[in-house]
Amino acid sequence: MLEGQLVRLRAVEPGDRERAQAWLSDPEVTYYLTMRYPLAEKDPIWLADPQPGGFANGVHLAIETKDGQHVGAINLHELNPEDRKAGLGVIIGEKAHWSNGYGGDAITTLLRFAFHEMNLHRVWLSVLDGHDGAVRCYEKCGFVRESHRRQHVFKHGRYWDVLIMGILRDDFDAMHGGGS
Amino acid sequence: MILEGMLLRLRAQEIDDLERGHAWTNDREISYQMGTRYPRSLAEQERRLNEQPPGGYGNGVRLAIDTLDGRHIGSTDFVPADADDRCAGMGIMIGDKGYWSRGYGTDAVLTLLRFGFEQMNLNRIWLHVFEYNERAIACYKKCGFQIEGRLRDHLYQEGRYSDVIEMAILRDEFDAALGGGS
């Protein structure tokens, strides 16, 4: 279990499926996500399909509030041991918990694990240009804009630019202090 | 179908290309620019060629580069394209070093771009290049690619981290530079 200030990250469980399915079926939740086609109950989703965590499969965790409410999920994917890098994805599915610092706390908690336990050097993410709340949250967590992919995704009738943001271990330690 | 450039032709890869391709990808001067890390056997290279699906939108497209007089000098490819986004990544290698810095890479890229935009109907073609590959970056700029960003320390090779440069060209930019469909 990874303890943050506001949240706790735990392994995903099959029991998370129903909530995850509801989140990913809500157009408001998926508006800025790159998932496109309706999800069947049998479709695999990382938010609810338990796999052993590590470099081979990635790290897929459920986000719970401190009083045990399951509000979202977060993961590290495309881990590469030679480059010591990974991609990060996060979703807060419970809309009542949007804009309350849960996403940022989950990210900081997972970054600490990535840099101080998994010994990663770099974590990156992609976000649709226009998802301003998410970009602000990532910037607050220490991510910087590294690339602006023009017209990279088609959604809602038009092409959208995609931002790639990254954070290095040194950036994280400068903000939060290094290992103990 | 053979794609005709000014200096070269792009054609499907054949089994006779294998040994040259194997020698190129195991040449450190070349693999350093490609990011291929582990030595690859000729048998593995042959298995991959035999298991490749035919070139197609979602399969990717792997092509050999021949000079107009039929000499095999390199290869170029699209990774599997995304049908919804109409977007694909590309790569290129001139393996025969006697043909470096003579316009073959530029001609191969332009020929592949024309195919991607005018036959496959792509909207965007992107590529990744390592920050130290200045010759390649200059070539891609000449072909109309724009630098979109720099992924910090995205690659570890030869004992140190390097940045990866992201470049891309849109259909409208290609048409504006080269005059659009016929």
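Biologist: In which sense do β5(A) and strand β6 (residues 122–128) of chain A pair, and over how many bridges?

Modeller: This is a predicted model, in which local features need pLDDT of at least 70, side-chain atom pairs count only at pLDDT 80 or more, and totals for chains, interfaces and linings use all residues. Residues are numbered from 1 along each chain as its sequence is written, chains are lettered from A and ligands numbered from 1 in the order in which they are written, and side-chain values use heavy atoms, with hydrogens and water left out. Strands are DSSP runs of E with at least two residues, helices are runs of H or I with at least four, both numbered from the N terminus, and two strands pair if DSSP finds at least two bridges between them. β5(A) and β6(A) pair in the parallel sense, over three bridges.

Biologist: What is the handedness of the β-α-β crossover from β5(A) to β6(A)?

Modeller: Between these two parallel strands, the chain passes through helix α3 (residues 102–116) of chain A. A crossover is right-handed if, with the strands pointing away from the viewer, the path from the first strand over the helix to the second runs clockwise. By that criterion the crossover is right-handed.

Biologist: Which residue of β5(A) is the bridge partner of A:Leu76?

Modeller: Strand β4 (residues 70–80) of chain A pairs with β5(A) in the antiparallel sense over seven bridges. Four residues lie between the strands of this hairpin, in which A:Arg84 takes a positive phi near 50°. The partner of A:Leu76 in β5(A) is A:Leu88.

Biologist: How many of the eight residues of strand β5 (residues 85–92) of chain A are buried?

Modeller: Buried means under 20% relative accessible area, exposed over 50%, and partly exposed in between, with a 1.4 Å probe and protein chains only. The strand is mostly covered, and its count of buried residues is seven.

Biologist: How many disulfides does the structure hold over all chains?

Modeller: A disulfide is a pair of cysteine sulfur atoms within 2.5 Å. The sulfur of A:Cys137 is 4.4 Å from the closest cysteine sulfur, in A:Cys141, and so is too far for a bond. For B:Cys87, which is buried at a relative accessible area of 7%, the closest cysteine sulfur is that of B:Cys143, 18 Å away and too far for a bond. The number of disulfides over all chains is zero.

Biologist: What is the radius of gyration of chain B?

Modeller: The secondary structure of chain B comes to six helices and eight strands. The radius of gyration is taken over C-alpha atoms, and the globule rule is 2.2 Å times the number of residues to the power 0.38. For 182 residues the rule gives 16 Å, and the value for chain B is close to it, so chain B is as compact as a globular protein of that length; its radius of gyration is 16 Å.

Biologist: Which residues does B:Thr36 contact beyond four places in sequence?

Modeller: B:Thr36 lies in the loop between α2 (28–34) and α3 (42–51) of chain B, and is partly exposed at 29%. Its C-alpha is 7.6 Å from that of B:Thr25, 11 residues apart in sequence. The contacts are B:Thr25, B:Arg28, B:Ser31 and B:Gln157.

How values were computed. Contact means heavy atoms within 4.5 Å.
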